[in-house]
Amino acid sequence: MRRNLFNGWLNSILTLVSLALIILMLRPLVSWVFTGAEWAVIPANWNLLMRGSYPAEEVWRLWLSLYLLAAVAGLAWAAWGKSINATMIVTFAVPLILMLLPWLSMTARVNLAIMFAVAVVTFVLTRYIPLKPRIRIAVIALIVYFPLIILIIRGFDFSVQMPLVPSSLWGGLLLSLLLSVVGIVFSFPLGVLLALGRQSKLPAIKMLSVIYIEFIRGVPLISLLFMGQVMLQLFLPVGTPPIDRVLRAMVAIVLFSAAYSAENVRAGLQSIPKGQYEAAHALGLSNFQSMTRIILPQAITAVIPVLVGQFIGLFKDTSLVALVGLLDLLGIARSILGNPNWLGTQKEVYVVVALIYWVFSYAMSHASRQVEAATSVGEH
Amino acid sequence: MSENQMANQASNEPIIVCRDVHKWYGNFHVLHGIDLDVGTGEVIVIAGPSGSGKSTFIRCINRLEEHQKGDIIVDGIELTHDVRNIEAIRRETGMVFQQFNLFPHLTVMQNITLAPIQVRKKKKQEAEERAMQLLERVGIPEQAEKYPGQLSGGQQQRVAIARALAMEPKIMLFDEPTSALDPEMIKEVLDVMIELAESGITMLVVTHEMGFARAVANRVCMFDEGVIVEEADPETFFLHPKHERTKLFLSQIL
């Protein structure tokens, strides 16, 4: 500390001045947090912030999705072990930490405890499976997880146990996360196809890809969202039943994000030396095999940090749907503030919303560094 | 062509036939009509100054480069735009590159077994057994589970040779296999190539290693400005070169 902050009179003065500034700025913040702020608004609206108007009698489905998430986390730790130890200890601690939130109901606490238990039990049990199939199961679980929870959360028209919960009732953090997950899961493969299309030797495919990418990159996301919400219905033939508004937002986000994924993947493709294509072809691999076995794995690994950066941006951009009237985390916050009971609590609500966005963004960025470290094995 | 010559050709049937092969890069005429027959089991060294088209020529044989005029027939299959023909020829020819071009995201073992499993549809276990035999043949069985980035240049090039051999090709093409190596590693690669040449596989080798040419080549071809200016057995080539260009080239590199 002495060497970093006080090595010479100039640095000592700078350190003291900065310290004084920090204290000067932190004091009002700290005193606001502990004395000035009306925190009652957060516990009172906690359920709204978390899940919007998702019906209380179906909330067990959200918990079920979280149990499954815990199981996937336990399986992942069992599969990838040491390299992700630090991350997984923190991940496992999350439900326990959340139990400390003073305003949570007893049911929520029990459910969090079950989550923790599920994670630990999966971790312990799956370690009995031999390593290779264990890793395979973990990969499959990761891929299947997101479509599966979307089905669970949405439910089915015909089902009595799991009746349909229309997406107009999805809200809060739940909606923000679903928009992001759908955006990432669907835009990425579409982006890979567009990137390949842009490199295609067939002029028609190449031109269509270029036009699509450049058009989408040339307009802001909010304009696509407005087009989806306001104008789409005007273009459809008269009498077409209105399309679900959340679905329209999802499609806009997917289409938007795909163009950016495409450019990032293209950067990865261009970083692969020509010799890799030549070696693959010289061995007799077909174009498809060279792409899927040799080129894409390397290209995508090379751009993981960029892609994760893009996905973090996408997660935060989903807050734009609040402007077209959907009740995501930000939209719910705005509607809470519109309630006369909670007048004047903007600071409290927005600080908490920002904190929630930060926690998720930071978690993603941390996870990307782990993946990077794990996939760079054997490179120079 | 006399009857005698025809009979001679039939007995040692050429596995590669090149007739009047031309190639242009845009306006630049790289290959000016190459004629070359390669007999089964023959080892041919292709020498010549850089820019003479020798690399381009052997890269035409497995269609990494496209020739615009003339015929190339490999193992009875004519090289045309037909993808099936191209893939068939590539299955019969292995290639070793100057820059090794191993797949950095795969282990040595996966590098070698990928094509046999994907292209030849071999069983994984069978492919891995064969890969271990090949790694023993090139002298590095202990490196099987490492990644290419963890090996020296000479070891990488030997893996590349094993990878090409795993497809059990009838022909091996070498494109300056030792040019990117540190001097002390050249020998370990050349030893593998000499052993390979003696095993009877057909080889086309673009190289500046004249020691290799003397030791195992059946013929040496001298390329200059896109034509074969001289073609002879190594003894004649090195001791009694006819063409001025060859004499100059030999005086520069020997």
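**A close look at the rings**

Mentor: Happy to! In chain B, the charged end of B:Arg214 sits over the ring of B:Phe238, 4.7 Å from the centre of that ring. A charge counts as over a ring if NZ of Lys or CZ of Arg is within 6 Å of the ring centre and within 35 degrees of the ring normal. B:Arg163 likewise lies over the face of B:Phe103, at 4.5 Å from the ring centre.

This is a predicted model, where local features need pLDDT of at least 70 and side-chain atom pairs pLDDT 80 or more, while totals for chains, interfaces and linings use all residues. Residues are numbered from 1 along each chain as written, chains are lettered from A and ligands numbered from 1 in written order, and side-chain values use heavy atoms, without hydrogens or water.

Now for rings that meet rings. Phe, Tyr and Trp (six-membered ring) pair if their centres lie within 6.5 Å; planes under 30 degrees apart are stacked, over 60 edge-to-face, the rest tilted. That gives 13 aromatic pairs over all chains. A:Trp46 and A:Trp103 have ring centres 5.2 Å apart and planes at 65 degrees, so they are edge-to-face. They sit 57 residues apart in the chain. A:Trp46 is buried, at 15% relative accessible area, and A:Trp103 is partly exposed, at 30% (buried is under 20%, exposed over 50%, partly exposed in between; 1.4 Å probe, protein chains only).

A:Trp77 and A:Phe123, with centres 4.6 Å apart and planes at 25 degrees, are stacked.

Conventions: Helices (H or I, at least four residues) and strands (E, at least two) are DSSP runs, numbered from the N terminus.
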